Amino acid sequence: MNQKEYEQLQTKLSPKTPIGLNVLKAFLVGGIICTVGQAISFFYIMNFDFTERTAGNPTVATMIFISLLLTGFGLYKKLGQFAGAGSAVPVTGFGNAVISAAIEHKTEGIVLGVGGNIFKLAGSVILFGVVSAFFVALVKLILVTIGVTHW
């Protein structure tokens, strides 16, 4: 069997992916997660001395904490299996990635297990986030230096 015949057989035997349904589920779950985040942001604005600008950090921290709890109880995995990227894209997906690695390696001990592996999955996100932020700031500095104030 050559490569072309194998690909045809694989296409024939593979189940069809319901792309439309998967996109709808991801959109709805991602939207619900973001709506919860917006409600938490409004809560901080209404009940504490936060503005729309300053409520972002505690809102993100709260959303990550909620995802940590859901991951610890095994619920975020079920949500991810249902929603796919809808649960992975918001900041809650980052929290899930961090705590999943910690839970997976907790039997190896606090230092070598949890401490050594907690950012195994999320480390690349942090790295590329920091590097891209550096380059965006560098471009902004160059533009401001040469006199471009609105971009």
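The largest nonpolar core in this predicted model is made up of eight residues, namely Val29, Ile33, Ile40, Tyr44, Ala55, Met63, Tyr76 and Ala83. A nonpolar core here is a set of buried Ala, Val, Leu, Ile, Met, Phe, Trp, Tyr and Cys residues joined through side-chain atoms within 4.5 Å, where buried means under 20% relative accessible area, exposed means over 50%, and partly exposed lies in between (1.4 Å probe, protein chains only). Two or more residues of this core come from each of the elements α2 (19-47) and α4 (75-83), and α2 gives the most, with four residues; helices are DSSP runs of H or I with at least four residues, numbered from the N terminus.

This is a predicted model, in which local features need pLDDT of at least 70 and side-chain atom pairs count only at pLDDT 80 or more, whereas totals for chains, interfaces and linings use all residues. Residues are numbered from 1 along each chain as its sequence is written, and side-chain values use heavy atoms, with hydrogens and water left out.

Ala26, which belongs to helix α2, is in contact on the same terms with Ala83, Ala85 and Gly86.

A nonpolar patch on the surface is formed by Leu127, Phe128, Val131, Phe134, Phe135, Leu138, Leu141, Ile142, Ile146 and Val148, which together have about 960 Å² of accessible area. Such patches consist of residues with over 30% relative accessible area and no salt bridge, nonpolar side chains being joined within 5 Å; a salt bridge is a side-chain nitrogen of Lys or Arg within 4 Å of a carboxyl oxygen of Asp or Glu, and the areas come from the Shrake-Rupley method with a 1.4 Å probe.

Two C-alpha separations are set out below.

| Residues | Apart in sequence | Apart in space (C-alpha to C-alpha) |
|---|---|---|
| Ala26 and Ala85 | 59 residues | 5.8 Å |
| Leu141 and Lys120 | 21 residues | 33 Å |

Rings of Phe, Tyr and Trp (its six-membered ring) pair if their centres lie within 6.5 Å, with planes under 30 degrees apart counted as stacked, over 60 as edge-to-face and the rest as tilted. By this rule there are six aromatic pairs. Phe134 and Phe135 form an edge-to-face pair, at 5.3 Å centre to centre and 70° between the planes, and ring pairs also link Phe43, Tyr44, Phe48 and Phe50 into a cluster.

How values were computed. Patches are made of residues with over 30% relative accessible area and no salt bridge: like charges are joined within 9 Å, nonpolar side chains (Val, Leu, Ile, Met, Phe, Trp, Tyr) within 5 Å. Contact means heavy atoms within 4.5 Å. Lists of a residue's contacts leave out its neighbours within four places in sequence.
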